Structures are given as structure tokens and as C-alpha cells.
Amino acid sequence: MSPEITKHNGKVHSAPLRSMPPPSSFTPVTPHLAISPTVSVVVPAMNEAENLPHVFATIPQWVDEIVLVDGNSVDDTVAVAKRLRPNVKVVTQTGKGKGDALAAGFDACTSDIIVMIDADGSTDGREIINFVGALVTGADFVKGSRYAAGGGSDDLTLNRRLGNKILTGIVNVMYRTQYTDLCYGYNAFWARHLDVLDLDCDGFEVETLMNVRAAKAGLKVHEVPSHERNRIHGESNLHVVRDGFRVLKTILKEWRRQPTPPQPEPAATPAADRGVA
């Protein structure tokens, strides 16, 4: 086993590299790539029966667990989800709002990595590998960005674009971050950091809350490009002005909140090792 060479205070130090997990613990992703950590995908949905066939078709088969959080739909959302993925885990939301739905979904996850996507078809499950790849190579929290090179959006109106730019700038100044996109719902993280995120909001401000708390806790945050598409069917529940003020209120409120220290990386085991081959 070759030593890992590091440099600290101008001095070179060497330490034995961590053992690789056995081949049997890796999940094939492509003919050239396999990962060791398990992956859960959380999909909050309310009356999205028409959109789920497209959404589920983009989620890779190697994903270990799909958690659908049903916001008390009055259509066939749950039935369609079970038909598409018989092993889907369904959680019935008891509260209201996207933040509440995600909190319920995260609590139900059993994997090492948690990915959150939308049920309206705007986020592409085929991009999940980019998020997981960033996590297994050192990141603690990975943000999708529509403004990073290679990203984009088919759905950003002028008002949404301007509001997002202003709010992102405020967060970057207040929390010394370098985010390019604040209000986007495609994120992934190691499940051990759930205590740091500690979701306690109900609405669309949840993405901002997660981004701010990850930064305050000192997590290694990495952005990956993502392309947002138009909602396929139905109408969005997003209200630009109302939700924009909720996001701003969250940013200011978090300034006074003490961060939760992140959990240390666990000892290497086949299930939790950041292995990639």
C-alpha cells in the first residue's frame, strides 16, 4: 500500500492510505465506473402523477432507494410511483410545504448519500452521477447551479433571475461564500450531515437554508452545472415576491443562529467509504 503524502507547515508527512473496499461492495454505474456508497433520492410530490413517468425514467437504476414524499395528492401520484418503481418508499407528508416534505423524506432515507430532485420534470435525474461523483471525491455538500459553466435554465423569468442574483450576492457577502446559484432545488450531501442542515422551515426557502447552514458549518461545498427544464405538466406553486421575501428573511435570521458542528467522517467501512473505481 503506497503512503499518502501530505504537507503541513512546510514539512512533508506520510501516512498509509486507507484500504479500498472489497469489489463486492461497489455498485456498477458505467462499464468504467463503480461507487461504494449507497444513494437515496428524495422526490417531494403533490399531484404530479402526469410528471412522474418522465422523472422516474431519468433516475439511474443503480440508485439504491427512491423516497417519494406525497403531499396528500388527490390524483394518482402514489399509484403511478409504485407502478413505475415497485420498491419505491412512500412517505405521506403530515405538514405543508417543500421544506417540510424534504425533512420527512430525509428522515426516511437509509443510504450514505442523499440527493433531492423535483417531481415536475425540471431536474434531470441523469445528472445525479455528477453530484455523487463530487461527493465521493471529497465534497460534503453539492449544489446544482444553473449559472455554472455547462448549466442553464429554460424556466428562469427575468424577475426570478434578478431576485436570485440579488439574494445570492447577499449570501456571498454575509457568509463569505462564492455561490453562483442560491435558489435551486437540486442538491446532494452525505447523510451524516443531516444534523448540520436541521431543516426547520416549510417553504421554498429550504434550498437557501441548506446552502447557508452548510457554509456556516464549514462543510466542503461544491457546485456542479445543472440544466433546469420547464415543468412538464401542471402549474408551479412558486410565488416570486412572496417566496423571495421568505428567502431574505431566512438569510437574515440565520446570521444570528449558531452553526451545528459537522459530524466527522466515519471510519472506513464498505458501506460508508468514499470509494470510487
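Biologist: In this predicted model, which residue in strand 6 does Val41 stand opposite, and what makes strand 5 and strand 6 a pair?

Modeller: Val41 stands opposite Ile66 in strand 6. Strand 5 (residues 39-45) and strand 6 are joined in the parallel sense over six bridges, and since a pair needs at least two bridges, the two strands are called paired.

Biologist: How do you know that strand 6 also pairs with strand 7?

Modeller: The same cut-off of at least two bridges applies, and four bridges join strand 6 to strand 7 (residues 89-92), the two running parallel. One of the contacts is that of Val69, whose bridge partner in strand 7 is Val91.

Biologist: Which helices belong to the β-α-β units that contain strand 6?

Modeller: Helix 1 (residues 52-58) forms a right-handed unit with strand 5 and strand 6, while helix 2 (residues 77-84) forms a right-handed unit with strand 6 and strand 7.

Biologist: Why is strand 6 called largely enclosed by the rest of the structure?

Modeller: Buried means under 20% relative accessible area, and six of the six residues of strand 6 (residues 65-70) are buried, so the strand is largely enclosed by the rest of the structure. Glu65, Val67 and Val69 point one way and Ile66, Leu68 and Asp70 the other way, all of them buried. In a regular strand the side chains alternate between the two faces of the sheet.

Biologist: Turning to the aromatic rings, how many aromatic pairs are there, and why is the pair of Phe106 and Phe189 called edge-to-face?

Modeller: The count comes to five aromatic pairs. For Phe106 and Phe189 the ring centres lie 5.2 Å apart and the planes stand at 80 degrees; the centres have to be within 6.5 Å and the planes over 60 degrees apart, so this pair is edge-to-face. Phe106 lies in helix 3 (residues 98-108) and Phe189 in strand 11 (residues 187-190), so the pair ties together parts that are 83 residues apart in sequence.

Biologist: What makes Tyr184 and Tyr186 an edge-to-face pair?

Modeller: Their ring centres are 6.5 Å apart and their planes are at 65 degrees, so the pair is edge-to-face. Tyr184 is buried, as is Tyr186.

Biologist: And how do you know that Lys143 lies over the face of Tyr179?

Modeller: The distance of Lys143 from the ring centre of Tyr179 is 4.6 Å, against a limit of within 6 Å, and Lys143 is accordingly placed over the face of that ring.

Terms used
Residues are numbered from 1 along each chain as its sequence is written. This is a predicted model: local features need pLDDT of at least 70, side-chain atom pairs count only at pLDDT 80 or more; totals for chains, interfaces and linings use all residues. Side-chain values use heavy atoms; hydrogens and water are left out. Rings of Phe, Tyr and Trp (its six-membered ring) pair if their centres lie within 6.5 Å; planes under 30 degrees apart count as stacked, over 60 as edge-to-face and the rest as tilted. Buried means under 20% relative accessible area, exposed over 50%, partly exposed in between (1.4 Å probe, protein chains only). A charge sits over a ring if NZ of Lys or CZ of Arg is within 6 Å of the ring centre and within 35 degrees of the ring normal. A crossover is right-handed if, with the strands pointing away from the viewer, the path from the first strand over the helix to the second runs clockwise.
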